[in-house]
Amino acid sequence: MRIEHARMASLTPWVTFCEACRAGSLSAAAETLGYTQSAVSRQIAALERDLGTALLVREPRGVRPTPAGAAVLPHARLLVAEADRAARAAAAPGPAPHVSVGAVQSAAMALVPDALRRVPDPPSWTMLTDSTARLIDRVAGGELDLAVVTDAPPGLPKSRDVRLRHLFADPMSVVVPGDHRLARRRRVSIADLADECWIEDNAGSEALLHQLAARYDLTLQVDRGVGALMIKVALVAAGHGVALVPRSLGAALRPDVRLLALRDAPRRGVYVATRPGRDDLDRLVAALRTHR
């Protein structure tokens, strides 16, 4: 069978397809990539003609992969990621590798930076944050070399293309303003904070909080109108409430809040995700495992 390579040789349509799937719209993909929306449409249409199938469903509010597009997407991400690594290797040949690292927000603030500092002869690296499910998907697709994720609700998604290794169990703690009535205590109970306003930034942390409150037959006032962990901590510092955070975050907290141990604290497992066979990442995995 003879395969026509002329158009397939260009990576641009593949990059555009991956970005459109990530952004969920052609206009957002065009803005990120610096193209016009019509150029994005033409690139994806050309890719669909080459493959002989529709890859995206165009909807009034955006786009989503067709079944064929969903099947192609992991391979497209791997193709784009490997091409990017090849370009970096050509630009800076030598033994020092480049590692693309992903992490949930709490790990990106403390655990991962500390581990990278302690790796002997550290590689060059880039880091992005995302949810556990999306990070594992990015590792499977080759976009990331390694990701630090947790089994906080809804838990760890399964992927046969990803190897998960348990690092440690991370107990949850409570962060309060520096002038809070309980700030001088080392350990508190959830019952001590039953009348507080709790600030939350994600569904997993909120689920752990409600599970703990249920043990004490408590109903807590929870405000989940925050989209980032740093904003949650900033609101606590300003006196707007208290919040549940992992103990591993302690070293990265700002000085005007206090981290208090929590009795009967729920624990979340912290894991590192890689593709199978990535023994070259073992030094970084070891540094992550020894975090305290």
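Select Asp264 to begin: this residue is found in the loop between β11 (257–262) and β12 (267–274), where helices (H or I, at least four residues) and strands (E, at least two) are DSSP runs numbered from the N terminus. The model is a predicted one, in which local features need pLDDT of at least 70 and side-chain atom pairs count only at pLDDT 80 or more, whereas totals for chains, interfaces and linings use all residues. Residues are numbered from 1 along each chain as its sequence is written, and side-chain values use heavy atoms, with hydrogens and water left out.

**Backbone stops**

Stay on Asp264 and read its backbone torsion: phi is near 55°, a positive value in a residue other than glycine. Most residues other than glycine have a negative phi, and most peptide bonds are trans. Asp264 is partly exposed, with a relative accessible area of 46%; on this scale buried means under 20% relative accessible area, exposed over 50%, and partly exposed in between, with a 1.4 Å probe and protein chains only.

Select Asp217 next, in the loop between α7 and β9 (221–223). Its phi is also positive, at about 60°, although Asp217 is not a glycine, and with a relative accessible area of 72% Asp217 is exposed.

For a peptide bond to inspect, go to Pro153 and Pro154, which are joined by a cis peptide bond with omega of about 10°. Pro154 lies in the loop between β5 (146–150) and β6.

**Salt bridges**

Side chains of opposite charge can pair when their charged atoms come close. A salt bridge here is a side-chain nitrogen of Lys or Arg within 4 Å of a carboxyl oxygen of Asp or Glu, and by this rule the count comes to 19 salt bridges.

Select Arg77 together with Asp137, whose side chains meet in a salt bridge at 2.3 Å, N to O. Arg77 lies in helix α4 (residues 67–91) and Asp137 in helix α6 (residues 132–140), so the pair ties together parts that are 60 residues apart in sequence. Arg77 counts as buried at 14% relative accessibility, while Asp137, at 37%, counts as partly exposed.

Now show Asp201 and Lys232, which form a salt bridge with the closest N and O atoms 2.9 Å apart. Asp201 lies in the loop between β8 (197–199) and α7 (203–215) and Lys232 in helix α8 (residues 229–237), so this pair ties together parts that are 31 residues apart in sequence. Asp201 is buried, with a relative accessible area of 10%, and Lys232 is buried as well, with a value of 1%.

Which residues are linked with Asp130 in a network of salt bridges? Select Arg134, Arg138 and Glu143 along with Asp130 to display that network. Within it, Arg138 forms a salt bridge with Asp130, the closest N and O atoms being 3.8 Å apart. Arg138 is buried at a relative accessible area of 12%, and Asp130 is buried at 19%.

**A helix residue and a charged patch**

Return to helix α4 and select Ala70, a partly exposed residue with a relative accessible area of 43%. A C-alpha to C-alpha distance drawn from Ala70 to Leu56 gives 8.8 Å in space, for residues 14 apart in sequence.

Then switch to a surface display and select Arg186, Arg187, Arg247 and Arg267, which gather in a patch of positive charge. Such patches are made of residues with over 30% relative accessible area and no salt bridge, like charges being joined within 9 Å and nonpolar side chains (Val, Leu, Ile, Met, Phe, Trp, Tyr) within 5 Å. Arg186 is placed in the loop between β6 (163–177) and β7 (187–188) and is exposed, with a relative accessible area of 76%.

**The whole chain**

Buried residues make up 45% of the 292 residues. Among contacts (heavy atoms within 4.5 Å) between residues at least 6 apart in sequence, 71% join residues at least 24 apart. The protein exposes about 15,300 Å², of which carbon and sulfur atoms supply 52%; accessible areas come from the Shrake-Rupley method with a 1.4 Å probe, and for residues only the protein chains shown count as cover.

Note on methods: Lys, Arg positive; Asp, Glu negative; His and termini not counted. Charge placed at Lys NZ, Arg CZ, Asp CG, Glu CD.
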